[in-house]
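Let us go through the labels used for this chain and check each against its definition.

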Amino acid sequence: MTLSVPYTVQVALDVPLDRCFDYTTSAALAIGQRVVVPFGPRQLCGVVMGAGSLEPPAKLRPIQTVLDDLPPLPTAWLDLVKFTSDYYLYPLGATLFTALPTRLRQAKAWQAKTDPIYRLTEAGKLSAHCSTRAPRQQALLDVLRQQPLSLSHAKQHYPTAAKLLEKWQGQGW
């Protein structure tokens, strides 16, 4: 029988208290790793700041989720945030989360936004034509006949390309 000794880590949270909170985890975590922890009735995103205290693990709550979708935050950046927090006498967690991009402050895994690629079907290549009163639409259609096109590039040719491409997709083009 093997006993698994839980690790304790200090986690910085976006709360107006000037301290880190201790939590248990079954595996060692890197400093700067984003985690989801229980804090009162809420689940908050936090950042591992170091090893925890020697508090008996029975009194500590466990980390709910390790957000390992991205590598840990760089230690040089964390040192800068600590310096800023000390210099301005502002809570470390609040300083850290103010400096993070909005999508990384959330208690969920980060997902990159994708830029869809559009291409004409065979039916679209044969029957696609636009009114002579819509030269930008025709230019977009001509580009699509030549090569696949991402949504961001399509918007450069035609500002409302998203609606138009959706309409053409509905028509089976």
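A salt bridge is a side-chain nitrogen of Lys or Arg within 4 Å of a carboxyl oxygen of Asp or Glu. This is a predicted model, in which local features need pLDDT of at least 70, side-chain atom pairs count only at pLDDT 80 or more, and totals for chains, interfaces and linings use all residues. Residues are numbered from 1 along each chain as its sequence is written, and side-chain values use heavy atoms, with hydrogens and water left out.

Q: How many salt bridges does a search of the whole structure find?
A: One.

Q: What makes the pair Arg 34 and Asp 69 a salt bridge?
A: Their side chains meet at 3.4 Å, N to O. The cut-off is 4 Å, so the pair qualifies.

Q: Which parts of the chain does this pair link?
A: Distant ones: the two residues are 35 apart. Arg 34 sits in strand E3 (residues 34-39). Asp 69 sits in the loop between strand E5 (65-67) and helix H1 (75-87). Helices (H or I, at least four residues) and strands (E, at least two) are DSSP runs, numbered from the N terminus.

Q: Why is Arg 34 called buried?
A: Buried means under 20% relative accessible area, exposed over 50%, partly exposed in between (1.4 Å probe, protein chains only). Arg 34 has 5%, so the label is buried.

Q: Why is Asp 69 called partly exposed?
A: Its relative accessibility is 28%, so it falls in the partly exposed class.

Q: How do you know that the chain is more spread out than a compact globule?
A: Start with the elements: seven helices and seven strands. The radius of gyration is 25 Å, well over the 16 Å that the globule rule gives for 173 residues, so the chain is more spread out than a compact globule. The radius is taken over C-alpha atoms, and the rule is 2.2 Å times the number of residues to the power 0.38. Along its principal axes the C-alpha trace spans about 75 × 50 × 30 Å.

Q: What share of the residues counts as buried?
A: Of the 173 residues, 36%.

Q: Why is Thr 8 buried, and what does it touch?
A: Its value is 17%, so Thr 8 counts as buried. Thr 8 lies in strand E1 (residues 7-13). Contact means heavy atoms within 4.5 Å. Beyond four places in sequence, the contacts of Thr 8 include Tyr 23, Ala 51 and Leu 60.

Q: What makes Gly 32 buried?
A: A relative accessible area of 1%, so Gly 32 gets that label. Gly 32 is in the loop between strand E2 (21-25) and E3. Leaving aside neighbours within four places, Gly 32 is in contact with Val 47, Val 48, Pro 72, Leu 73 and Leu 78.

Q: Why is helix H2 called mostly covered?
A: Six of the eight residues of H2 (residues 92-99) are buried. Among them are Leu 92, Leu 96 and Phe 97. The buried residues of H2 pack against E1, strand E4 (42-51), H1 and helix H3 (102-105).
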